[in-house]
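Hi,

Here is the structure I promised to pass on. Have a look first, and my notes follow below.

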Amino acid sequence: MRYLNNDIFSTVRETVTAAQTAELYNGLTPNHNGFIKCPFHAGGDENTPSLKLYENGSFHCFGCGVSGSCIDYVMLLFHETVLEATEQINSDFNLGLEISNAAESEKVIHRREIINLKDAFNSWRDEMLRDLCLVIRVSNIVCRHKKLEEFTEEEVCAVKYREIYEMWYETLSSKENEQELEIFRKRKVIEQWIAMVLSSTKTKFTQDFNAI
């Protein structure tokens, strides 16, 4: 599981062991081999204990595969976020750590990730709009200057699907979030179509294309 690069989380993981959380929250103590019944699967009722508690403070269940530190244990047990689990351990084990700064760091990083994703999407959309415009222009030029039997495979694709290209262009231009998202999901196929059509732009119509 993912943690912020923050001393708060490291301190909690180094101070409290998974064995301590298992004992406090589930009343479970390890057998002589360091195993307890896993509380995360089979309703905690299994014939043979499958969750191993290690001396380094971590845990791993050989039944359901979950593993991690004391923070992961609490996250899984109470369905909490990393911050919520850290705050709960801090409170229940009286660690006296200041969590507010870590919480604020989490919010700042989350906001930054959203901004970066939006910037990446906007760049993709701008490039896609430019390429769709080129494809539509290719279609217009071909229809004006060539007979149907003279069309290349790429040009046929440009003309045949012109309405679809125009619809995509209009959707991306209008910035309708749900429809944009649908186009983004299909971007690999759409980009292949566009790439095939644009390979035909190196024709004698290039000058006309640029003049439109």
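Is Glu98 buried, partly exposed or exposed? Glu98 counts as partly exposed, because its relative accessibility is 48% (buried means under 20% relative accessible area, exposed over 50%, partly exposed in between, with a 1.4 Å probe and protein chains only).

Before going on, a word on the background: this is a predicted model, where local features need pLDDT of at least 70 and side-chain atom pairs count only at pLDDT 80 or more, while totals for chains, interfaces and linings use all residues. Residues are numbered from 1 along each chain as its sequence is written, and side-chain values use heavy atoms, with hydrogens and water left out.

Back to Glu98: you'll find Glu98 in the loop between helix 4 (82-92) and helix 5 (100-145). (Helices are DSSP runs of H or I with at least four residues, numbered from the N terminus.) Its C-alpha is 7.8 Å from that of Ile8, although Glu98 and Ile8 are 90 residues apart in sequence.

Next, the salt bridge (a side-chain nitrogen of Lys or Arg within 4 Å of a carboxyl oxygen of Asp or Glu). The structure has one: Glu180 pairs with Arg125, with 2.7 Å between the closest N and O atoms. Glu180 sits in helix 8 (residues 177-185) and Arg125 in helix 5, so the pair ties together parts 55 residues apart in sequence. Both Glu180 and Arg125 are buried.

Finally, Ile194 is part of helix 9 (residues 187-198) and counts as buried because its relative accessibility is 3%. Leaving aside neighbours within four places in sequence, Ile194 is in contact (heavy atoms within 4.5 Å) with Met128, Asp131, Leu132 and Val135.

Cheers

Notes. Helix = DSSP H or I, 4+ residues; strand = E, 2+ residues; numbered from the N terminus.
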